[in-house]
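Colleague: Please take a close look at one part of this model and what surrounds it. I would like one connected account that I can follow in the viewer.

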Amino acid sequence: DLGKDKHFKLLLQSIFHTTKGVGDFHAACLLPIINLSPQNLQHLKGLDFIENSLAPPDTKLHILEGLSDLELSLLIAAARLDIILDTDTCNFNMAYDEYTALASRVRLQSSASGAAAVGAGSKIWGREVGLGAWERLAEYGLIFPAVGGATGAAGNSGTRDVGRMGRMFRIDVGLEEIWQSTPNLGTVMTKWCREI
């Protein structure tokens, strides 16, 4: 009886406490129900729903591999600030300043050694391009607005961009998760994740 199965109850509780989405429940049920046959109709267990689910993964770490170098750089910078400043929030301006400091250091070290600064971590993108990348990180759910964060003067068109750049966010991933979940991160960004 599925009503008494602890795995099935855990699945239902997980859906209820996260999305409350009927579509998520249907996705979790699709493969187990498709695999039913008259012979195994009585043997359906809650574990079948968890192991054979089409539901999205619990974390967003799978998104990291598809991020651009700039998006990854800003995410790493924000995660570094989480440790450096011992705070759980930052804004675009803070993350962008950390990113430019890191990228400038790479360029300086490359020029000091006589090598050309190329690849991820050496290019410094402009503030507006960076803001677009930061906003995409929010769309992906890797950063999310902090409750009660500074949002700027909403009605003043002259400070609208300052509000977008100054809005406080929480980072949903840590440095260790970034470098462990992104196999093609590259040596420069891996170093940013591992050395504070």
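Modeller: Contact means heavy atoms within 4.5 Å. This is a predicted model, in which local features need pLDDT of at least 70, side-chain atom pairs count only at pLDDT 80 or more, and totals for chains, interfaces and linings use all residues. Residues are numbered from 1 along each chain as its sequence is written, and side-chain values use heavy atoms, without hydrogens or water.

Start with the whole chain. The protein has 9 helices and 3 strands (DSSP runs numbered from the N terminus, helices being H or I of at least four residues and strands E of at least two). Their order along the sequence is α-α-α-α-β-α-α-β-α-β-α-α. Of the 196 residues, 33% are buried (under 20% relative accessible area with a 1.4 Å probe, protein chains only; over 50% is exposed, in between partly exposed). Take the contacts between residues at least 6 apart in sequence: 67% of them join residues at least 24 apart.

Now the part to look at: helix H4. H4 covers residues 69-84 and packs with H5 at an angle of about 105°. The two axes are 8 Å apart (lines fitted to C-alpha atoms over the stretch in contact, with angles from 0 to 180 degrees between N-to-C directions). H4 and H5 are therefore roughly perpendicular to each other (the 65 to 115 degree class). On the H4 side, the contact is made by Leu70, Ser73, Leu74, Ala77, Ala78, Arg80, Leu81 and Ile84. On the H5 side, the partners are Phe92, Met94, Ala95, Tyr96, Glu98, Tyr99 and Leu102. By side-chain class, the residues of this contact divide into 12 nonpolar, 1 polar and 2 charged (Ala, Val, Leu, Ile, Met, Phe, Trp, Tyr, Cys and Pro are nonpolar; Asp, Glu, Lys and Arg charged; the others, Gly among them, polar).

Go to Leu81 in H4. Leu81 has 7% relative accessibility, so it counts as buried. Leave aside residues up to four places away in sequence. Leu81 then touches Asp86, Thr87, Cys90, Met94, Ala95 and Glu98. Met94, Ala95 and Glu98 are among the H5 residues of the helix contact. Ile171 is 90 residues from Leu81 in sequence, with 9.8 Å between the C-alpha atoms.

One is Asp86, in the loop between H4 and strand E1 (89-90). Asp86 is not a glycine, yet its phi is positive, about 50°. At 71% relative accessibility, Asp86 counts as exposed. The other is Cys90. Cys90 and Gly166 are 76 residues apart along the chain, and their C-alpha atoms are separated by 8.6 Å. Gly166 belongs to helix H7 (residues 160-166). With a relative accessible area of 15%, Gly166 is buried.

The C-alpha atoms of Ala79 and Gly174 are 5.7 Å apart, although 95 residues separate the two in sequence. Gly174 sits in the loop between strand E3 (169-171) and helix H8 (175-181). Gly174 is partly exposed, at 27% relative accessibility.

Next comes Arg80, also in H4. Arg80 is charged, but at 4% relative accessibility it counts as buried. Not counting residues up to four places away, Arg80 touches Glu98, Leu102, Leu175, Trp192, Glu195 and Ile196. Leu175 is 95 residues away in sequence and 6.9 Å away in space, C-alpha to C-alpha.

Arg80 also takes you to the second largest pocket. Arg80 lines that pocket along with Leu102, Arg105, Val106, Gln109, Val188, Lys191, Trp192, Glu195 and Ile196 (a pocket is an open set of 1 Å grid points over the protein atoms alone where a 1.4 Å probe fits, with protein on both sides within 12 Å along at least five of seven lines; lining residues have an atom within 4 Å of a point). Helix H5 (92-112) and helix H9 (187-194) are the elements that give two or more residues to this lining. H5 gives the most, with 4 residues. The lining divides into 5 nonpolar, 1 polar and 4 charged residues. The pocket volume is about 200 Å³ (the space filled by probe spheres set on points joined across faces, edges and corners).

Note on methods: Parallel < 35°, antiparallel > 145°, perpendicular 65-115°, else oblique.
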